[in-house]
Amino acid sequence: MAWFSAAVSSGVPLVFVNIQTEQIVTSEKTNQNGKEISRGGKQQNTSTSVELVQGIRLWFLPGVEQVLLEMIPEPGETRFGLDIKRTDEGFICVGEVTKGSAADRAGLQQLLDEANLTKHLLVISRLEGKSVMPSTVGSAGFIHCCDHDEIKDALASAMEGLDIIQLHIMAWPNQTRPETPQAIAPATLRPPKPPL
């Protein structure tokens, strides 16, 4: 919950859905000296310790909905015109949009201005249909999320081929939609159905 609260406090428009606890079994092989054995090691006198850990699964939605935007590059452009950054909580957000760029034409500057006014971050939830949101947070602070370089490579590759690239942006309550000539279709998410 500390991670969730920190993300919301920093401006990520998350919607809390549910919290679930579960037991996770972990095991570790050790030799007689108590040192962990590496894979493929051929040591004898080993033992396996089994530990039961209490895990917590936090269910949340990426904003009240996800807004689909298409960035369409024009011949002669070398960038989509957006600078991205990662928050401390592992979310990818838009930091700056270049005027007249494919990102600007897609409506990102309008959304960024509105996000700044409402004290939200303009968070990217999907790139080309693939989630770029954090998936696991450990109690020691380790956050498993998408690779920042992978995102930059996907954008560079699309720009090189002058390919259209799709972004899903997390929407927040009372957000307006960008006024662009392209059709924008929201992709609404629903919380998972509880187990029977």
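Start by selecting strands β6 and β10 (residues 165-170): the two run antiparallel and are joined by three bridges. This is a predicted model, so read everything on this tour as a prediction. To see one of the pairings up close, pick I124, whose bridge partner in β10 is I169.

**Around β6**

Is β6 enclosed or out in the open? Color its residues, 122-127, by burial and have a look: five of the six are buried, so the strand is largely enclosed by the rest of the structure.

Now follow the chain out of β6 into strand β7 (residues 130-131). These two strands run antiparallel as well, with two bridges between them. Together β6 and β7 make a hairpin that has two residues between the strands. Click on E128 in that turn, which has a positive phi of about 55°. Then select L127 and look across to β7, where K130 stands opposite. Remember K130, as we'll come back to it.

**Two buried stops**

Next, select Q66, which sits in strand β3 (residues 66-71). Its relative accessible area is 2%, so Q66 is buried. What does the Q66 side chain make a polar contact with? Show side chains and you'll see the S125 side chain, 2.4 Å away.

Jump to C93, in strand β5. C93 has a relative accessibility of 1%, which means that it counts as buried. Now show the contacts of C93, leaving out neighbours within four places in sequence: among them are D83, I84, K85 and T87, along with L122 and I124.

**A serine in a loop**

Move along to S101, in the loop between β5 and α2 (102-105). S101 is another buried residue, at 7% relative accessibility. Which backbone oxygen does the S101 side chain reach? Zoom in on F80: its backbone oxygen is 3.3 Å from that side chain. Not counting residues up to four places away in sequence, S101 touches E77, F80 and G81. Leave E77 showing for the next stop.

**Charged pairs**

Side chains of opposite charge can pair when their charged atoms come close. In this model there are four salt bridges to find.

Select R105 and E74 to see one of them, with the closest N and O atoms 3.6 Å apart. The pair links distant parts of the chain, with E74 in the loop between β3 and β4 (82-86) and R105 in helix α2, 31 residues apart. Both ends are partly exposed: E74 at 39% relative accessibility, and R105 at 26%.

R105 has a second salt bridge, this one with E77, where the closest N and O atoms are 3.0 Å apart. E77 is in the loop between β3 and β4 and R105 is in helix α2, so this pair ties together parts that are 28 residues apart in sequence. Select E74, E77 and R105 together and you have a network of salt bridges.

Now back to K130. Its side chain meets that of E150 in a salt bridge, 2.5 Å from N to O. Because K130 lies in strand β7 and E150 in helix α4 (residues 148-160), the pair ties together parts 20 residues apart in sequence. K130 is partly exposed at 48% relative accessible area, and E150 is partly exposed at 43%.

Switch to a surface view and select M1, F16, I19 and I56, which make a nonpolar patch of about 410 Å². F16 belongs to strand β1 (residues 15-30) and is partly exposed, with a relative accessible area of 40%.

Finally, zoom out to the whole chain. You're looking at four helices and 11 strands. Of the 196 residues, 36% are buried. The chain exposes about 12,300 Å², with carbon and sulfur atoms supplying 51% of that area.

Conventions. Residues are numbered from 1 along each chain as its sequence is written. This is a predicted model: local features need pLDDT of at least 70, side-chain atom pairs count only at pLDDT 80 or more; totals for chains, interfaces and linings use all residues. Side-chain values use heavy atoms; hydrogens and water are left out. Buried means under 20% relative accessible area, exposed over 50%, partly exposed in between (1.4 Å probe, protein chains only). Accessible areas come from the Shrake-Rupley method with a 1.4 Å probe; for residues, only the protein chains shown count as cover. Patches are made of residues with over 30% relative accessible area and no salt bridge: like charges are joined within 9 Å, nonpolar side chains (Val, Leu, Ile, Met, Phe, Trp, Tyr) within 5 Å. Two strands pair if DSSP finds at least two bridges between them. A polar contact is a pair of N or O atoms within 3.5 Å; within protein, one must be able to donate a hydrogen and the other to accept it, and residues adjacent in sequence count only if both atoms are side-chain atoms. Contact means heavy atoms within 4.5 Å.
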